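Trainee: Could you walk me through how to read a structure like this one? I would like the general idea for each feature and then the case at hand.

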Amino acid sequence: MAALERRGIRAHVARKVSGSAVDGRTARGKGYAMSLRRRKMIEEAFGWIKTVGGLRKTRHKGLERLSGQALFAFAAYNLTRMLSLMRTAAA
């Protein structure tokens with residue numbers, strides 16, 4: 001932890017409503033707000049991959065087959081994300 005502090009990197013810890021380890025000074029920083037936005041993006045991606053991509057309950061056994069299914073799901077997510085990004089750029 002001290003090595004991260006020397007480099008100016010702060011760990012992001014989720015803030016609870018009461019009894020939180022994160023005080024107000026940390027939660028009002030720009031880095032904390034950016035971390036929350038990035039976290040939301042990542043959570044949305046994994047949520048999509050689990051529900052739409054079918055990785056909540058796998059169809060295959062074995063590391064090789066499961067890796068293929070995961071690769072396909074992540075590629076499908078990336079394609080849908082690229083499509084939505086291209087639509088907003090064209091508008």
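Predicted model: local features only at pLDDT ≥ 70, side-chain atom pairs only at ≥ 80, totals over all residues.

Trainee: Which secondary structure elements does the protein have?

Mentor: Helices (H or I, at least four residues) and strands (E, at least two) are DSSP runs, numbered from the N terminus. Here there are 4 helices and 0 strands, and the order along the sequence reads α-α-α-α.

Trainee: How much of the protein counts as buried?

Mentor: Buried means under 20% relative accessible area, exposed over 50%, and partly exposed in between, with a 1.4 Å probe and protein chains only. By that rule, 12% of the 91 residues are buried. One of the buried residues is A70, at 19% relative accessibility, and A70 sits in helix α4, residues 63-90. Q69 is also in helix α4 and is buried, with a relative accessible area of 9%.

Trainee: Which residues does Q69 touch?

Mentor: A contact means heavy atoms within 4.5 Å. Leaving aside residues up to four places away in sequence, Q69 touches G54, L55, T58, R59 and H60.

Trainee: What should I look for in a salt bridge?

Mentor: Side chains of opposite charge can pair when their charged atoms come close. The cut-off is a side-chain nitrogen of Lys or Arg within 4 Å of a carboxyl oxygen of Asp or Glu. A search of the whole structure finds 1 salt bridge, and it joins the side chains of K40 and E44 at 2.3 Å, N to O. Both residues lie in helix α3, 4 residues apart, about one turn of the helix. K40 is exposed at 52% relative accessibility, whereas E44 is partly exposed at 42%.

Trainee: And how many aromatic pairs are there?

Mentor: A pair of aromatic rings is described by the distance of the centres and the angle of the planes. Rings of Phe, Tyr and Trp (its six-membered ring) pair if their centres lie within 6.5 Å; planes under 30 degrees apart count as stacked, over 60 as edge-to-face and the rest as tilted. The structure holds 2 such pairs. F46 and F74 have ring centres 5.9 Å apart and planes at 80 degrees, so this pair is edge-to-face. F46 lies in helix α3 and F74 in helix α4, so the pair ties together parts that are 28 residues apart in sequence. W48 and Y77 make a tilted pair, 5.4 Å centre to centre with 55 degrees between the planes. That pair also links helix α3, which holds W48, to helix α4, which holds Y77, 29 residues apart. W48 is partly exposed at 22%, but Y77 is buried at 16%.

Trainee: Which residues form the nonpolar patch on the surface?

Mentor: Patches are made of residues with over 30% relative accessible area and no salt bridge; like charges are joined within 9 Å, and nonpolar side chains (Val, Leu, Ile, Met, Phe, Trp, Tyr) within 5 Å. Accessible areas come from the Shrake-Rupley method with a 1.4 Å probe, and for residues only the protein chains shown count as cover. M41, I42, F46 and F74 form the patch, with about 360 Å² of accessible area together. Helix α3 (residues 30-51) gives the most to it, with 3 residues.

Technical notes. Residues numbered from 1 in each chain as written. Heavy atoms only, no water.
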